[in-house]
Structures are given as C-alpha cells and as structure tokens.
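Subject: Structure handover and findings

Dear colleague,

Please find the structure below, followed by a summary of what was found in it. I would be grateful if you could read the notes alongside the coordinates.

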Amino acid sequence: MAAEKMALAKAINESLRTALDADPKVLIMGEDVGKLGGVFRVTDGLQKDFGEDRVIDTPLAESGIVGTAIGLALRGYRPVVEIQFDGFVFPAYDQIVTQLAKMHARALGKIKLPVVIRIPYGGGIGAVEHHSESPEALFAHVAGLKVVSPSNASDAYWMMQQAIQSDDPVIFFEPKRRYWDKSEVNKDAIPGPLHKARVVREGADLTLAAYGPMVKVCVEAAAAAQEEGKSIEVLDLRSMSPIDFDSVQASVEKTRRLVVVHEAPVFLGTGAEIAARITERCFYHLEAPVLRVGGYHAPYPPARLEEEYLPGLDRVLDAVDRSLAY
Amino acid sequence: MTVESTAARKPRRSAGTKSAASAGAKRTGPAAKKSPGTTGAEPELVQLLTPEGKRVKDATYDPYVADITPEELRGLYRDMVLTRRFDAEATSLQRQGELGLWASLLGQEAAQIGSGRATREDDYVFPTYREHGVAWCRGVDPTNLLGMFRGVNNGGWDPNSNNFHLYTIVIGSQTLHATGYAMGVAKDGADSAVIAYFGDGASSQGDVAESFTFSAVYNAPVVFFCQNNQWAISEPTEKQTRVPLYQRAQGYGFPGVRVDGNDVLACLAVTKWALERARHGEGPTLIEAFTYRMGAHTTSDDPTKYRADEERESWEAKDPILRLRTYLEASHHADEGFFAELEAESEALGKRVREVVRAMPDPDHFAIFENVYADGHALVDEERAQFAAYQASFADEGEGK
Ligand SMILES: Cc1ncc(C[n+]2csc(CCOP(=O)(O)OP(=O)(O)O)c2C)c(N)n1
C-alpha cells in the first residue's frame, strides 16, 4: 500500500482500528469514546465497527477508568484509555503513579501492565482552563512509566501501534493543536524503535530539540534562520521517557549548540534534564550553555494570552541568536 | 471483526431509566416518612406545578412555598426569562466569535432559579460551569461570567462578594470544597448553609463519593444539588448509574429527593427544605433535579451524533418557563403589561451583554505573572523581568524602523 496523506487524529484512529482488528485483547476505554467518537473524534466509528464490548464508554471517573484498566491488563487485556483533556488526568494520577507505574517491579517482573493512556495535550486551540496543559514532566519523573509524543501523522500511526504492543504502561501525549495537520503515512514502512529520536532536518550550526507540538515551530524557525544564513538541525525527540540522549549527543557533537523547546514550563521540565545530561556528556563540545525555551512558572493563561505564553517562532529564534552569540 | 450482539444486549435508554426508578426503594430520610410526593408523571418525582401549569398539592413541600406572594412568583418567572435571554445571547456571541466557548443552561432554568432563590444571602454556593441562573440569583453580574468563556481570565469574579464560588471545570472537585466549607460553617457555629451543584455525569467521580462520605460523617450543613440533565456530553445517565441518583444518598446515611427540575416551585420548596435541615444541624441532603439539557453540551458539541430530536421535543413540552407562565395567567397573578415590560427588560439585558462583551479588553500581557502566589516568588519575578526585556526588544526594533 502506498503512502497516504492523513491528519494526525485520523492516523491515530486508523492505528487503533488496526490494533483492535489484530488483537481481540485490545480495548478502547474512556468518556464519550463511543457514539461521539471522543471529543476530538479520534475514536470515530470504532464503536460502530467493534461494538460496545471493545470500545467502551466509561462512567465519568478518571481514577475509575485507569484503575479498571489496570485490572483488565492484569487479566490479559490491553486497554487503551482516553483521558479527555490534559487537565483531567489528575483524578487518575494516583492510580497511574502509585499503582500502574510500580506493579511490574513489585511483582518481581511477573506481571505486565500493557496499558496505554492517551492524553490530548498542549495549548494553542483557544480553550478554557484545564484544556491546554503540558504535564509530561510529571509523568516522565515517575519510574515505571514510558512517555511519548508524536509530532506528525506517520509517527502517530506507528508510535500508537508500538505503544499498544509494549508490555509497559505508556503515557501517549497527543499534540491536540496538530490533530488536523496532514502528512504522509506509510503503513508498510518499518518504523524505527518507539523511543528513538529522529533528525527532522539536518544542520551544522545549532541543534533545536523538541517533541510533539513544538517540532513544527522548530522546523519553521530553522527555515527562517536559514534565510539569515544559519544552518539549524532539528531533532524530534519523540520520547520523553526514556530520552534518546545518544541522538541528542550525536547532534550536539556536530553542531556544538543546543536549544531545547517545549510548551511545558521550563522550570524542572524535560529541557532541564536534557540540559544537565548534555552538559555532562558534551561539556568540551559545547560552545554555549544549553538553552531552554518553554512556558513560564505560572498557571496556563486564559486563551487571549496563550500566544504570549507559548513559545512561537520569535522566541525560538531569539534563543538561537542568544546561543550563537556566545 | 465486529461485535454486533452487544447492541442488542444493551438496555434501551428509557426502559433502563424506568425500571431503575420503579425498582427503587422509597425516598429515604424524613421525606420518606411524609408524603412520597408522587404527584408527577415520574415515580418519586416531587412536583408542585404540572407541565400544563396546574398547581398540585404536596403535603411535605407545600409549606415551603405556602407564603409565596404573586410578586415573588412573577419574580421567579422574570429570573427564568432573563436567564434564558442571557444564555441565548451568550450562545450567539459564541457563534459570532466573541466567546471561545459557551455552556448553555437552556432547559435548566427552573432547577437553577428555584434552588438559587432558596438560598439565603449568607449561604455559600459552589457551582460547576453551567450555573448561570444560580449566579443570577446570587446577584453576580452576568457579564462577569463571560470572561473565562471569552478567554480573558480564568475566573473573573471575587467569590466572596456574593458567596458564589468560581466556576469549576474539573468534574466534581467543588463538591469536596463545598463540604469542607460547610464543615467550617459548622465549626464556627453559624447557621448558614452551603449548596454544591454538579451533574449526573459528575456523580460518578470519586470526589463526589468522597464528599458524600465526609459530609455524612461530619454532619456538614451542605446540600448537594445534582442537575440530572440526562446527558454527560454523549453519555446518558445509565452510563453512570443503575439506580436513580437520589437513591445514592441512602447508602451514605442522608436523605435524597428527586424533584421535577423543570418545576421552579418544586425546586424552590425542596431546596428550602434541605437548606433548613442543614441550618438545623440535620446534615447533608442530596437533591436530584430531574431536568433536560435542551441544547448541546457546549458550543463545541454535536448532539446529533448521539441523541434523537424526538427526545428533545418530548422535553420541550415540559418547558419550565411556559408552565409558570400558564399558571401565572390562569391564576391572574400577571397581566399583559407584566409580560410586555419583561420582554423590554429582556431586550435591554441582551443589548447590554452584547455591548459589554464586545468592549471587553484583552488582558494585559503581564497578567500571566499576576497572582501566581500570594507572597511573591523569586522565579516568577525573574521570568517576568525576562518577559519584559523580550517584549521591549520588539518595541526597540519598531522604533528603529
Ligand atoms: C475530571 C474531568 N473529566 C472530564 C471532563 C470533560 N467534561 C466536561 S463536562 C463533561 C460532562 C459532564 O456531565 P455532567 O456532570 O452530567 O454535567 P453537565 O455538563 O451535563 O451539566 C465532561 C466529560 C472534565 N471537565 N473534568
């Protein structure tokens, strides 16, 4: 089958469909995932085709959703859970952190928890409170969880397949403002491993490392910098736990400069970890300190201020300039 | 590979509701000892005003509205009409791009106005995000409610000026805050009460169950007012519960009552009864206002994907505003002049809302850093300064051009 152009949300839908088809143990669970197809329509049509036993509209209870998914996984199922919006995962945070993350270790590796938790995350869609958050660091900090985020339709399709096949719990962050962006998906191509970073664009002067919604912004920033004669490499990390530090290191050894970009607050965020590790690994290669661009230490602001809050082209380019000025 | 058999096994929506209701136990608590209040079409449904606008007797709850004056009745009508008008205006402002989102209360006016008017000034209200009618009763300027839907703030009013807490979007959270507040009221020895609003979907949340537990254990003066509008986005009430919601209270040891949520008089009476119980140290009550969400869940929802038009039509016949109007006219409590005047007032409200919203300024950029902490924080100060320098760099560039 040739490559097909589709929106990121549609790619996840197709991926879930493929998984439901391939393995009767795969279940979809969440609020409004059935008839409505989810508030973003990511599960559109799945209940119609696979029935209410496979695509399950749950009561409105996130702790319940994740807690029962754990039980189903213990019984051999592979639940793929939808949390409606980033800000609503917290009622389930207890189950995720105290139970889901730790059970495999507590059982001496004898039980597996193949649970995928899908979370549409991030801002830029003009939503109200609790609908635009980027809590990935809170999950990446917890041992036992894997945390990933695709930035395009192809990755969305393949990473979802791989997440479902993983025997570990995977927190699958979906960049909601990219849901409608289209790109090529080749369902026959053999994808790289789930946790491997990908060079999106080669460059020689500086590396921009990002994931999820910010990859597109970084690619645009690199194109803009190109016009000023700067050669920028863009790395899509794809995974926040584990982080593919080898790929970051390889890129930094080439470009000698690194700027990490994410929407989440900079303070104690993913960028902080990358900056620390890369400083350790590449101290003698670096021409400038690793810089970070991200959100502020403030609650996600109301919609009319999100443009100030979210890193845009200008803020990324500003960091590029600051790094190159060292 | 499709599973079709499950569709056949699923109980039909109406059948599910009915069997659950008829199989249910009697209303619990003091109310059960008195008249069961089964005057309405639905079993166990307290009703004082039929959908046809006829006043019916209910020995338990009549005393709570016995002294109501024609003027007060007209007041309830006015509240509902103006609230509906405000809501309609907000919906069209969203359509015109002035608001990012709107959660309409259309159809739920009686539940909100009846319960809201039952509260006393010193009571405290914990709403969810759809309680525009309750806000109206509390004297909150309706335009204050629009800021968060327009995206200029994340709240928009001082909760203490009207004892009306901020809208809460995370489902069910506020029921615990209400319970804690009520525990504080009791500790203070005050005789005010607290009322928490939430939906049928919210009843599934752990927080709501925990608020029932706490309120019962500490005998907190709190009324849980669940507006069962039949849907939680696309999920019907049967996806949340097998028993009528009001019966949940029994398991926690306090009374639960189901009231016709489209009957403003019944909502007023039942809520007054429950608030009085709270004031008298008799602890929590759960009220399930049986009503219907006439519109979409919010302006971004598409109800045609999950519910039939006929369902809405059947509820239109139970419209809360029409039935009170019929009653007011039949009992000669209101004349043409009243309705005409109200129409003019309603027009004026719509106009004011439109004007205020359109003139609502975007927040200052530095608002991002305001009120993050009460006592200040070095990191916020540092980031604010960086932000200012960054903003200023554009200004310099602009001047240079
Ligand atoms: C914890 C949490 N999960 C999910 C949501 C998304 N959500 C918003 S409203 C809603 C349905 C609520 O239904 P109900 O409690 O019946 O209240 P209604 O909106 O019908 O008044 C959902 C699922 C949320 N706001 N909070």
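pLDDT is the predictor's confidence in each residue, from 0 to 100. Contact, as used throughout, means heavy atoms within 4.5 Å. This is a predicted model, in which local features need pLDDT of at least 70 and side-chain atom pairs count only at pLDDT 80 or more, while totals for chains, interfaces and linings use all residues. Residues are numbered from 1 along each chain as its sequence is written, chains are lettered from A and ligands numbered from 1 in the order in which they are written, and side-chain values use heavy atoms, with hydrogens and water left out.

Confidence

The model has an ipTM of 0.94 and a pTM of 0.92. In chain B the average pLDDT is 90, and 88% of the residues reach at least 70. Residues 1-41 of chain B stay under 50 in pLDDT, and the model has 75 contacts beyond four places in sequence for them. Where pLDDT is low, the predicted coordinates should not be read in detail.

The two chains

Helices (H or I, at least four residues) and strands (E, at least two) are DSSP runs, numbered from the N terminus. Chain A contains twelve helices and 14 strands, and chain B contains 16 helices and eight strands. The C-alpha atoms of chain A fill a box of roughly 60 × 40 × 40 Å along the principal axes.

A residue is buried under 20% relative accessible area, exposed over 50% and partly exposed in between (1.4 Å probe, protein chains only). By this criterion, 60% of the 326 residues in chain A are buried, as are 54% of the 401 residues of chain B. Of the contacts in chain A with a separation of 6 or more, 81% are between residues 24 or more positions apart.

Interface

Across the interface, 47 residues of chain A contact 50 residues of chain B. The buried area, meaning the accessible area (1.4 Å probe) that two parts lose on being put together, summed over both, is about 4100 Å² between chain A and chain B, and carbon and sulfur atoms give 58% of it. On the chain A side, Leu60(A), His297(A) and Arg304(A) lose the most area to chain B, together 19% of what that side buries.

Nonpolar cores

A nonpolar core is a set of buried Ala, Val, Leu, Ile, Met, Phe, Trp, Tyr and Cys residues joined through side-chain atoms within 4.5 Å. The largest has 151 residues, of which Ile96(A), Ile117(A) and Leu324(B) touch the most other members. Helix α12 (residues 264-279) of chain B supplies the largest share of this core, eleven residues. Beyond four places in sequence, the contacts of Ile96(A) include Val66(A), Ile117(A) and Phe139(A). A second, separate core of 20 residues includes Met214(A), Ala221(A), Ala222(A) and Val320(A).

Individual residues

Leu208(A) lies in strand β10 (residues 206-210) of chain A and counts as buried because its relative accessibility is 0%. Among the residues that Leu208(A) touches beyond four places in sequence are Ala221(A), Glu233(A) and Val320(A).

Yours sincerely
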